[in-house]
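We will go stop by stop, with something to look for at each one.

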Amino acid sequence: MFTGYESFKDLTKEERWRKYCGFLDLSLDEFMEIQRYLLMEQIELVTDSPLGKKIMNNQKPKTVEEFCRLVPLTTYEDYKPFLSEKQEDTLAEKPVFWCRTTGHGEDFKWVPYTERHYKRLIDTVVGGFILTCATRKGEVNLNGGEKLVYTVAPRPYASGTMAEGICQAVGLRPLPPTDIAEKMEFRQRIEESFRLALRQGVDVVGSLSSVLVKIGERFTEQSAGMKLSLSMLHPAVLFRLSRALLRSKLERRSILPRDLWSVKGALCSGTDTSIYREQVAHHWGVTPWELYATTEAGALALQSWSKEWMTFVPHSSFLEFIPEAEWFKNREDKEYHPSTVLLDEVKEGECYEIVITNFYGMPFLRYRPGDLIKIVALKDEKTGINLPQIAFKSRADDFIDLASLARLDEKTVWQAIFNTGVKFEEWTACKEYEGDQTYLRLYLELKEKREPQEMEQMIDHQLQIIDVDYRDIESWLELHPVRVTLLSPGTFQRFYEEKQKEGADLAQLKPRHMNASEGIIQTLLQLSQAGYKE
Amino acid sequence: VIDLDYLLPPLVAAGLGIALLVIVLLRGRQQGVVFRIFSLLLVSVIGWALIIFAMRASPDVEHALRWDRAVVPVGFAVSLFYYHFSLAVTGVKQQRVLLRAGYLLLLVVVALSPSSLFIQRMEVQYYGYAPIIGLSLIFAFAFNYFLSIMALYNLIKGYRNVRIPEEKNRLLYITIGMAITLIAGVFEIFPIIYPTAIFGSIVFCVLASVAILKYHLLDIHIIIRKGTVYILLSATIAIPYVGIIFLFTHVFKTQVIPSWVYLVVIIILAMALQPLWSRVQRLVDRWFYRERYDYLKALEQYSQETQSVENLAELGSTIVELVRGALRASSACLLLPSEGKHGLVVASCSGLESPPSGVVVSGRGPLLKWLELHGDTLTSDQLDIIPQLQSLSHIEKDNLEQMGANLCVPIKSRQGHLSGILVLGQKLSQQSYSGEDKQLLAVVTNQLVVALENARLYDKSQQEVAERKQAEEALKESERHYRLLAENAKDAIWTVDMNMRPTYMSPSITYLLGYTVEEAMANPMEAVYTPASFEIAMKILAEELAIENMEQKDLSRSRTMELELNRKDGSIVSVEGNFSFLRGPDGRPVGILAISRDITERKQPEERDKQLQQERILTSRLASIGEMAAGIAHEINNPLTGVIGYADLLLKKNIPENIRKDANIIYDAAQRVAGITSRMLTFASKAKPERASLDVNDIIETTLAMRDYEMKTGNIKATTQLDPGLPTTVADSGQLQQVFLNIILNAEIEMVKAHNSGNLLIKTERINDTIWVSFKDDGPGIAKENVERIFEPFFTTREVGQGAGLGLSVCYGIVTQHGGKIHVESKLGKGATFIVELPIVTEAEQLELAESAPSEPKKVSGARILVVDDEPIILELLTEVLSKEGHEVETMDSGNDALERLRSEDYDVILLDIKLPGMSGIEIYKQLQKRATSLARRVVFITGDVMSRDTTVFLSGTSAPYIAKPFDTEQLKKKIDRILTEGT
């Protein structure tokens with residue numbers, strides 16, 4: 001297995017910045033040149049492999065344009081017969097290991113990782129960690145030996161693999177060490193992480209934003225009734241707690257994680273990062289830094305030190321984009337073959353479905369991970385980055401169409417719930433029909449007492465603020481399409497437990513936020529009923 | 001007590017400090033925290049130096065004491081900033097506690113410095129003011145020193161950690177500066193020792209500033225070595241000089257030595273020392289500048305060797321060897337563009353057992369693009385660091401790894417094009433390449449570009465020479481090959497210059513023309529070709545030369561045509577000639593290459609086919625002309641019958657003499673026309689021959705006898721080669737005689753016209769079932785275009801009045817009617833040969849065809865005659881003629897009407913025109929035959945169309961009597977009489 005620590009340690013700060021974050025200084029032409037060159041190398045690599053032959057219909061494109069013309073767009077179904085059985089002899093390069101991922105509770109998708117792809121992924125994530133800890137261009141505030149607390153799924157999930165890789169590459173000290181952490185349950189692992197962090201400190205955290213917020217909230221809740229324990233008598237812990245107590249008292253509030261630790265950066269993933277941005281900053285004292293990664297493609301885009309928008313990494317995958325109109329046509333008619341554009345053809349303000357082609361002998365060609373992104377700007381004047389700036393919009397199948405007027409995605413609904421200011425545990429949404437009308441049915445578990453109608457009004461109001469199209473529903477149809485079902489407290493926790501009992505994997509515990517299946521909804525409703533009875 | 005030596009150092013230190021501060025502020029203000037701290041350090045050093053200056057310049061100890069107490073906190077600040085700076089510049093982990101403690105202590109020292117805790121009092125020493133220190137200062141000084149040592153530790157740690165040579169140098173400067181300051185500062189606390197810290201500060205400031213601002217340009221080792229060199233050299237000069245002076249002074253101390261002696265001695269010494277100086281310098285170079293010495297030697301050697309090396313491969317190996325040796329690199333490879341420009345390949349390599357083969361660095365890859373764009377030397381680490389280069393393909397990476405690439409030096413032309421890359425492996429010392437190494441490489445690669453270009457040009461020229469040699473060899477071989485081919489070819493191959501003078505003739509010319517090569521070479525081309533062929537050849541040449549003047553032309557074009565050549569024996573040989581230009585180096589024609597192939601054998605069947613084809617065409621044409629002639633004759637014959645008939649009638653009348661004369665003229669002229677129409681019909685094979693078995697030889701001799709006198713008077717010599725065994729054949733002797741006479745007459749006329757004499761050879765022979773009669777003359781011959789038309793009626797080449805042009809057409813008609821053929825072979829200027837082919841008809845056929853001669857009929861009158869003709873003039877004429885004979889004549893102008901009349905009326909003779917409007921004469925005859933055969937036997941056909949095949953077949957089939965228009969009235973009467981007599 002690759003270890004890059006020697007390489008990282010030997011570099012000067014300038015070299016570290018240039019190596020891991022230097023892509024931010026590329027021009028669009030340079031970016032495209034790298035993409036084209038690596039794609040042509042990839043075509044050479046995969047042409048003779050059985051899987052490559054199958055996907056490319058025994059053709060060998062000679063140019064990028066020919067590649068986009070000749071090779072069809074693919075989904076995991078095209079690779080499933082080869083990858084689900086881990087048929088390594090059908091691949092262009094022998095993988096060093098396999099990662100798995102899951103969609104919305106469906107079967108696992110197995111993804112082989114070649115050595116070069118993994119090395120590139122780790123280099124990109126090292127860049128991510130440097131940027132996480134940076135406040136200005138060129139600042140490399142990440143050193144070996146620093147402590148990392150991470151709350152992501154363990155290996156063989158890609159996130160766990162990345163965490164393992166980054167620790168080796170930079171020499172970070174994971175709390176707890178990865179080999180021990182992998183044997184623990186999620187909750188147990190988090191508790192152990194913070195127990196160790198109290199003693200040793202934390203320099204960087206890596207997690208889902210919502211998890212970081214939840215941890216912060218738990219700290220706040222628990223700090224009021226904090227009791228001394230034996231473990232707190234350790235001088236380092238005592239000092240840390242005393243300092244935190246002093247700080248919180250000076251500011252006349254409960255203890256927050258930022259009182260305990262001076263975290264350099266919080267590396268976050270998930271669609272909720274922009275929603276919880278302020279919350280994370282409040283609890284942890286740093287603005288969360290976001291990356292866009294998929295198991296199939298690795299880390300595709302990183303935020304810069306400004307922690308605003310994301311920039312694509314040229315060496316990760318070859319990027320194509322299906323314009324929203326084309327994507328929509330294809331959504332309506334599965335037989336329709338949507339056209340794609342390259343990064344130097346995208347337009348500001350437009351949304352696109354992303355299409356990736358792996359480099360370094362990886363299997364996926366013109367693969368649709370099912371993500372929609374938005375090009376927020378063609379360059380970032382503030383940071384001086386001359387590459388298109390993007391924001392993750394949604395999963396391509398995480399939409400709920402309402403009355404053909406509004407198309408709500410996960411982030412919008414989440415944002416609307418969040419903006420009501422009502423504390424909530426979890427939620428899921430689906431589309432509901434009543435006669436000719438369509439409704440957004442939300443199943444919400446709140447942390448405070450509210451009436452469903454009240455929540456409906458509040459969420460409806462917030463949606464009108466956030467989504468222009470949603471506003472039209474009311475003005476055109478004089479309709480309030482939000483319907484809320486409040487679930488009893490602990491419903492989601494019971495759901496997780498049920499799933500765990502059924503032997504579900506960590507990544508499959510949570511019900512999907514958008515378009516959850518009828519079965520899941522029924523289970524939640526039953527669990528909610530049981531909760532009320534208790 | 002106070003002198004300038006004492007005051008100057010702090011002023012120098014302050015001055016240097018200010019100058020460096022300005023430079024740092026100007027150049028380093030954007031550089032971040034390191035420069036900010038360094039600026040603070042400089043400010044403190046300047047302050048310290050100025051305060052020391054003020055102290056030293058103080059008028060008394062009281063003033064000096066005040067200033068010296070101010071020195072203490074500033075000096076402390078200097079140490080603190082040193083330390084802080086060491087943290088910033090090395091990037092080692094911040095020792096925050098120590099730093100904060102230092103700043104805290106600084107505040108304490110500032111606060112306490114005016115008191116006597118640090119400086120108790122001042123005293124005057126031999127060098128100036130010296131402080132008497134308090135115990136507190138020792139502690140402060142110790143802490144101060146601790147900070148400085150920590151700073152030194154940080155710097156040494158940093159020095160050991162960094163890999164980049166430039167950065168190492170920078171830290172080395174600072175470390176040395178710091179060490180000197182530390183050592184110098186120790187003496188500050190001892191009043192009896194001259195205070196040296198100020199000098200240490202000066203040294204440090206200079207070294208540190210230079211290191212920071214120009215670290216990548218200087219190498220500390222050079223300064224050390226340079227110093228050593230100058231000390232050595234100075235000693236080398238000074239020792240003998242001092243020695244001699246010492247000697248002079250001591251030996252001649254009682255005498256006064258004049259100044260000029262010193263001067264002379266110095267000059268001599270200087271001159272003598274020059275070689276020594278050089279020697280020492282070389283020695284020192286060898287000792288201390290080993291790398292530099294190697295570089296210089298390398299450059300010198302490089303310069304010398306590349307001058308003598310012209311070959312690219314040799315140059316490449318020389319360069320890699322030199323560079324590798326000079327830089328003590330584990331390997332060196334020179335990469336140059338591949339043949340197809342797909343990338344770079346290893347052109348030369350040193351120190352590698354198996355350098356990578358094929359394209360090492362892709363032409364489209366990021367490495368070449370980056371090197372071309374930036375032109376900087378690239379280390380292997382940078383390949384992994386520079387974002388653009390991170391996309392380097394694994395193949396390229398593997399190749400570079402295989403070469404042990406540690407340094408990639410682009411070789412760029414002045415125009416900025418990348419000519420190649422010099423790839424160096426790790427240094428044998430395991431050190432990194434220094435700035436000097438890179439400078440050497442820059443010099444080498446700059447020169448290398450020129451040398452490579454020269455070598456490339458040399459290679460190209462060598463290649464061109466080799467190619468030219470090869471081409472010449474190939475040409476020679478090709479010449480030999482082609483000469484061999486030419487010499488052994490059956491075809492005659494020859495070349496001529498543009499003036500048509502022969503320059504080469506292959507031996508096969510003898511086979512083709514009968515001349516030896518020498519004879520053929522001596523012959524002008526005009527003599528080789530027949531006049532017609534030469535004319536054609538010249539015409540083609542003119543056309544081809546015209547094409548040469550065009551811009552777009554095919555230089556390899558050739559023309560092929562059939563020509564005739566004169567053989568030595570006078571015969572003519574047909575050849576297929578292929579002609580193309582021989583071209584000079586500029587592509588312009590310098591001669592003509594001709595290849596002539598004898599096509600006689602091929603030509604014979606071809607000629608025969610052609611002749612047959614021509615005959616077919618001619619026959620067809622003549623047949624159609626015959627049809628036309630017959631039609632014309634028919635049309636003329638009707639009115640002509642009237643003209644002749646009425647003229648005859650008129651002449652039989654009692655008319656005045658003058659009118660008779662006119663009528664006679666009319667009659668004669670009409671008879672002449674009748675003769676013409678008769679010949680036309682003969683040509684058209686419409687006149688029925690009167691055949692009998694005959695000997696063709698007899699007819700020839702009779703005909704010749706007829707022309708004997710004329711031939712003699714015309715100097716015509718007629719020779720006969722008559723086949724005595726020639727069989728007889730059935731033919732019309734008169735008509736045959738007409739044919740032969742016509743041919744002989746024509747020959748006579750043409751030969752006499754051409755040369756007033758002539759030879760006529762008449763030959764008969766039997767060929768298969770045919771009698772061939774040929775008439776060969778030596779007249780002017782017949783032009784090809786005329787040969788084809790010669791048998792057409794009215795075709796003549798003679799002047800008007802010298803013949804109607806019917807003679808040969810009549811011959812044609814007669815011969816054709818006999819089932820034979822007539823044709824001519826002739827070439828302009830070569831006479832003509834007319835050949836008559838007659839089929840041999842057997843005896844049995846003769847019997848079938850034999851006819852008995854008719855007897856003279858008795859005169860009959862009073863017969864009832866019906867005349868049916870659509871020509872009113874004929875009806876009138878016949879009515880008048882037959883009425884005068886005592887016959888009762890009725891006329892009808894329509895076939896239908898006539899048939900109708902014949903149903904009701906009975907006639908003795910029915911004169912029936914064959915061609916009638918409506919029902920034809922033949923149809924009426926057939927109807928009559930059906931009605932009563934006797935009636936049909938009374939029919940006499942009148943026709944101007946003996947002519948059409950149907951008519952001929954009908955007449956010969958029915959044996960019906962007929963009278964051809966134009967007829968003589970007497971002839972008509974006899975015919976009527978014969979029918980009436982036989983009928984009766």
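Start by selecting Lys447(A) and Glu217(A): their side chains meet in a salt bridge, with N to O at 3.2 Å. This pair links distant parts of the chain, 230 residues apart. Lys447(A) sits in the loop between β17 (437-446) and α17 (452-466) of chain A, while Glu217(A) belongs to helix α11 (residues 209-224) of chain A. Lys447(A) counts as partly exposed, because its relative accessibility is 36%. Keep in mind as you look around that this is a predicted model.

Side chains of opposite charge can pair when their charged atoms come close. How many salt bridges does the structure hold over all chains? There are 52, so let us visit some others.

Next, select Glu320(A) and Arg366(A), another salt bridge, at 2.6 Å from N to O. Glu320(A) is in strand β10 of chain A and Arg366(A) is in the loop between β11 and β12 of chain A, so the pair ties together parts that lie 46 residues apart in sequence. Are these two residues buried or exposed? Both Glu320(A) and Arg366(A) are buried.

Now move across to a pair with one member in chain B. Select Lys369(B) and Glu33(A), which form a salt bridge whose closest N and O atoms are 3.1 Å apart. Lys369(B) lies in helix α12 (residues 366-374) of chain B and Glu33(A) in helix α3 of chain A, so this pair joins two chains. Lys369(B), at 36% relative accessibility, counts as partly exposed, and so does Glu33(A), at 38%.

For the next stop, show chain A as a cartoon and find the open sheet of 11 strands, with mixed pairing. Its order is β4-β3-β5-β6-β7-β8-β9-β13-β12-β11-β10. Which strands stand at the edges? They are β4 (173-175) and β10 (317-323) of chain A; each has a single partner strand, so one side of each is left without a neighbour in the sheet. From one strand to the next, the twist averages 40°.

Zoom in on β7 (residues 288-294) and β8 (residues 298-303) of chain A, which pair in the antiparallel sense over four bridges. Ala293(A) has Ala299(A) in β8(A) as its bridge partner.

Finally, select two helices of chain A. Helix α3 (residues 28-46) lies across β9 (310-312), β10 and β11 (351-358), running at about 110° to β10(A). Helix α15 (residues 324-332) packs on the sheet and touches β10, β11 and β12 (371-377), its direction making about 75° with that of β10(A).

Note on methods:
Residues numbered from 1 in each chain as written. Chains lettered and ligands numbered in written order. Predicted model: local features only at pLDDT ≥ 70, side-chain atom pairs only at ≥ 80, totals over all residues. Heavy atoms only, no water. Pairing = 2+ DSSP bridges. Axes fitted to C-alpha atoms, helices over the stretch in contact; angles between N-to-C directions. Contact = heavy atoms within 4.5 Å. Salt bridge = Lys/Arg side-chain N within 4 Å of Asp/Glu carboxyl O. Buried < 20%, exposed > 50% of the residue type's maximum accessible area, 1.4 Å probe, protein only.
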